[in-house]
Amino acid sequence: MAAMATTLQSSFTSLSLSSNSSLGYRFSPTFCPPLVKPMQKAFVIEMKLKHWERKKCKPNGLPLLHKMHVKIGDTVKVISGRDKGKIGEITEIFKHNSTVIVNEINLKTKHVKSRGEDEPGQIITIEAPVHSSNVMLYSKEQNVASRVGHKILENGKRARYLIKTGEIIDTAENWKNVIKEREKKTKVAAAS
């Protein structure tokens with residue numbers, strides 16, 4: 001029995017943890033390894049919205065917004081896809097995934113369930129978003145699609161213009177006209 005105890009004791013001393021082991025240190029009451037590593041640099045967090053569409057986010061949780069060459073109210077021409085060659089006006093912009101909704105373009109049918117006995121189910125058509133790289137700014141006056149450029153006007157303001165035609169897109173008058181047209185459309189829709 002004593003011989004067995006000495007062999008066990010010698011085997012335990014030979015099994016002591018070395019510096020190359022998984023923990024790296026011998027057990028001692030004075031040493032406590034760090035539990036958490038300090039963060040060295042900021043990183044991009046991805047929000048879990050849907051498994052097929054992930055939004056890239058900043059460290060504060062807000063989504064990254066893409067710079068886009070088009071704005072609401074611009075007349076654009078679709079340059080690729082099923083609706084290639086069609087011309088329409090931008091009604092809505094989604095900067096987090098760089099898509100736009102163009103009036104009467106990329107129409108999809110949606111089957112809506114009935115919400116109650118008084119409201120029946122129906123099939124409606126909606127405008128689906130198009131990626132902003134698939135649209136190009138369009139000049140109504142000269143009937144040509146062009147890339148967009150930026151230049152500084154005489155009064156010191158920065159404006160967008162069409163490279164092919166030189167036509168300035170961003171002016172105060174254009175924005176006032178767009179706002180007036182929107183108000184007219186909302187009044188007509190409310191009246192009917």
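**View 1. Pairing of strands E5 and E8.** In this predicted model, strands E5 and E8 are joined by 2 bridges and run in the antiparallel sense. Within this pairing, Val-100 has Val-130 of E8 as its bridge partner.

View 2. Six strands make up an open sheet, arranged in the order E8-E5-E4-E3-E9-E10, with antiparallel pairing. Strand E8 (130-131) and strand E10 (144-146) each have a single partner strand and stand at the edges, so one side of each lacks a neighbour in the sheet.

**View 3. The largest nonpolar core.** This core holds 15 residues, of which Val-70, Val-76, Ile-90, Val-100, Val-102, Val-135 and Leu-137 touch the most other members. At least two residues of the core come from each of strand E3 (75-78), E4, strand E5 (99-102) and strand E9 (135-139).

**View 4. Surroundings of Val-76.** When neighbours within four places in sequence are left aside, the contacts of Val-76 include Val-70, Ile-90, Val-102, Val-135 and Leu-137, which are also listed among the core residues that touch the most other members.

View 5. Strand E4 (87-94) and helix H2 (172-191) are the elements that give two or more residues to the lining. By residue class, the lining divides into 2 nonpolar, 3 polar and 3 charged residues.

Notes:
Residues are numbered from 1 along each chain as its sequence is written. This is a predicted model: local features need pLDDT of at least 70, side-chain atom pairs count only at pLDDT 80 or more; totals for chains, interfaces and linings use all residues. Side-chain values use heavy atoms; hydrogens and water are left out. Helices (H or I, at least four residues) and strands (E, at least two) are DSSP runs, numbered from the N terminus. Ala, Val, Leu, Ile, Met, Phe, Trp, Tyr, Cys and Pro count as nonpolar, Asp, Glu, Lys and Arg as charged, and the others, Gly among them, as polar. A nonpolar core is a set of buried Ala, Val, Leu, Ile, Met, Phe, Trp, Tyr and Cys residues joined through side-chain atoms within 4.5 Å. Buried means under 20% relative accessible area, exposed over 50%, partly exposed in between (1.4 Å probe, protein chains only). Contact means heavy atoms within 4.5 Å. Two strands pair if DSSP finds at least two bridges between them.
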